[in-house]
Each structure stands twice: as structure tokens, then as C-alpha cells.
Amino acid sequence: MKKWISMLFLCTLFGTLTACSSGDAAEEPEQEQTEASGQESEQNEISGQEPAQTETSTSGQEKADAKESETEPESGEGNQPEGEGSQALVVYFSWSGNTENVANSIAAQTGADMFRIVPSEPYVDDYNELLDIASEEKRNGARPEIADSMEDLGQYDVIYVGFPNWWGDMPMILYSFFDSYDLSGKTVAPFCTSGGSGLSDTVNSIKALEPEAEVLEGLHISGSAASDPDSAVGEWLDRLGL
Ligand SMILES: Cc1cc2nc3c(=O)[nH]c(=O)nc-3n(C[C@H](O)[C@H](O)[C@H](O)COP(=O)(O)O)c2cc1C
């Protein structure tokens with residue numbers, strides 16, 4: 001059984017582990033295993049399998065590092081949103097690539113610029129270790145430092161904000177993001193990938209963190225469907241009128 005499901009189950013059973021006590025974490029749906037499409041998605045799903053050794057060659061952190069260096073401007077002025085100077089921006093964090101796939105689909109369908117949230121201190125490649133680290137970050141209310149900062153969000157009216165569900169919540173680095181940027185007056189469209197928890201209570205959390213923003217309906221795509229997100233993304237964009 002997936003480790004996080006086991007732990008959430010224990011949390012539900014005993015009701016004592018504060019790290020697991022928030023939101024929908026206790027309402028975990030059964031794990032979805034049937035629709036894994038592609039090796040990468042299967043690896044990306046937190047599963048009962050041992051972290052495959054191949055994970056180290058295709059790990060989320062390596063992808064993050066690769067992406068970071070791809071987006072690093074030669075001037076060394078810091079990672080700035082990539083794109084054509086659109087009025088929409090996709091900001092996302094992704095450890096193992098699922099949320100990144102959805103972010104790419106949103107950008108492709110909207111023409112939005114992109115900014116990947118990369119932690120200053122890279123996360124481990126081993127997901128079992130990551131589960132513990134993320135749990136501790138949540139318990140401590142950590143604010144992991146973001147490696148690069150964006151100079152100006154002024155041109156953006158719409159900001160898509162994407163993240164994986166970690167322990168029934170946003171990863172704490174998303175809280176770092178919302179602490180760092182004032183999105184007042186902007187339209188925020190959250191999206192999330194997960195193993196089965198859906199968005200949990202993250203949309204309400206974002207509303208609380210950005211009370212002067214208009215926070216729209218969130219999109220959830222399961223990790224196993226994240227390799228082919230275009231139609232779900234398109235339907236969501238249509239519903240939002242964006
Ligand atoms: C630290 C950690 C905690 C997680 N907690 C949950 C959870 O509470 N509920 C859930 O459905 N999935 C959970 N997952 C699974 C991820 O949400 C899912 O695999 C997601 O698609 C990963 O996105 P990424 O590839 O963009 O990192 C967790 C994964 C990690 C690494």
C-alpha cells in the first residue's frame with residue numbers, strides 16, 4: 001500500500017498525528033492504479049513499489065535541475081518567466097513531472113508565460129525520504145526558499161498556479177510563493193495533480209492567502225492522467241472562460 005495512504009489511514013484511525021490532520025487528507029479516496037499511462041507517470045505516482053533505481057536517472061529533482069538550467073538566462077539576472085510576454089502566467093512546482101505536464105498544456109493552450117518554482121535546496125530523489133521531509137515541513141509550517149524570484153508580476157492579469165497534492169495540502173514551497181507575491185486584483189486559477197486526494201482544501205487555502213485575488217475553480221488531474229492532460233485542461237479553460 002502506498003506509504004502516504006497508510007499514514008493517512010493511521011492518522012484517520014488514531015486522530016493524533018497533527019501532520020496529517022488537515023483538510024481532506026483523511027478523506028483519501030482509494031488509490032488509483034489502473035490508468036497509469038507511460039513509465040514516467042507510473043514512476044511518478046507514489047506507489048508501494050520501492051523507489052526504482054531508475055528514478056535516480058529520471059528523478060523529479062533532476063528534471064527540476066535540468067529545467068532550471070534551461071530557463072537560466074545567460075545574463076545571470078535570475079530566472080524570469082519564460083514566454084512571449086503574455087498577460088497570463090503559469091506558475092508551478094513539480095517534483096516528478098506530473099504537474100509540469102499540466103502546466104505545459106495550460107501554457108500551450110493559452111499562450112501563457114511560465115515560471116517553475118524551484119527550491120533553493122533541492123529535494124531528495126527518493127520519494128520515501130521525500131514523504132518524511134514533506135510531512136515534517138508541513139508539521140513545522142516551513143517556508144522552503146525559492147531559488148529564483150520574479151521581478152514583476154504587474155503585466156499578468158491571470159495566474160495559473162499548479163502543484164502536486166502533498167499530504168492533503170499544497171507543498172509548503174507554495175506557501176513560500178504566496179508569502180512572496182501579492183496577487184491582489186489578479187485572477188488565480190489553481191491546478192493540482194495527486195494520487196487520489198484531488199484538490200483537498202487547497203483552493204480555500206489559496207483564497208485565505210490571497211484574499212484580494214479572484215480565485216477560480218481549481219482543476220485536478222490525477223497523476224496517472226497527467227501525461228495526457230490536454231482535453232481536461234481545455235474543458236477547464238472553457239468553463240473558466242479563460
Ligand atoms: C511528499 C508527497 C506527498 C504526497 N501526498 C499525497 C496525498 O496526500 N494525496 C495524494 O493523492 N497524493 C499524494 N502524493 C502524490 C502526488 O500528489 C502525485 O504523485 C502528484 O501527481 C505528483 O506531482 P509531480 O509529479 O508534479 O510532483 C504525494 C506525493 C509526495 C511526493
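Helices (H or I, at least four residues) and strands (E, at least two) are DSSP runs, numbered from the N terminus. The structure described here is a predicted model, in which local features need pLDDT of at least 70, side-chain atom pairs count only at pLDDT 80 or more, and totals for chains, interfaces and linings use all residues. Residue numbers start from 1 along each chain, as its sequence is written.

**The chain as a whole**

The protein chain contains eight helices and six strands. Their order along the sequence is α-α-α-β-α-β-α-β-α-β-α-β-β-α. A residue is called buried if 20 or more other C-beta atoms lie within 10 Å of its own, exposed if 12 or fewer do, and partly exposed in between, with C-beta atoms placed from the backbone. Of the 242 residues in the protein chain, 43% count as buried. Two residues are in contact if their C-beta atoms, placed from the backbone, lie within 7 Å. Among the contacts between residues at least 6 apart in sequence, 80% join residues at least 24 apart.

**Helix 6**

Helix 6 covers residues 172-180. Its buried residues are Met-172, Ile-173, Leu-174, Tyr-175 and Phe-177. These residues pack against strand 1 (88-92), helix 5 (127-140) and strand 3.

**Two loop residues with positive phi**

Trp-167 is found in the loop between strand 3 (158-164) and helix 6. Ser-200 belongs to the loop between strand 4 and helix 7 (202-209). Trp-167 has a positive phi although it is a residue other than glycine, and the phi of Ser-200, also a residue other than glycine, is positive as well. The table sets out their values.

| Residue | Phi | C-beta neighbours inside 10 Å |
|---|---|---|
| Trp-167 | Trp-167: near 55° | Trp-167: 25 neighbours |
| Ser-200 | Ser-200: near 50° | Ser-200: 25 neighbours |

Trp-167 counts as buried because it has 25 C-beta neighbours inside 10 Å. Ser-200 likewise counts as buried because 25 C-beta neighbours lie inside 10 Å.

**Lys-186**

Lys-186 is placed in the loop between helix 6 and strand 4 (187-194). Because 19 other C-beta atoms lie within 10 Å, Lys-186 is partly exposed. When residues up to four places away in sequence are not counted, Lys-186 touches Tyr-156, Asp-157, Ile-159 and Ala-213. Lys-186 and Glu-212 are 26 residues apart in sequence, while their C-alpha to C-alpha separation in space is 7.9 Å.
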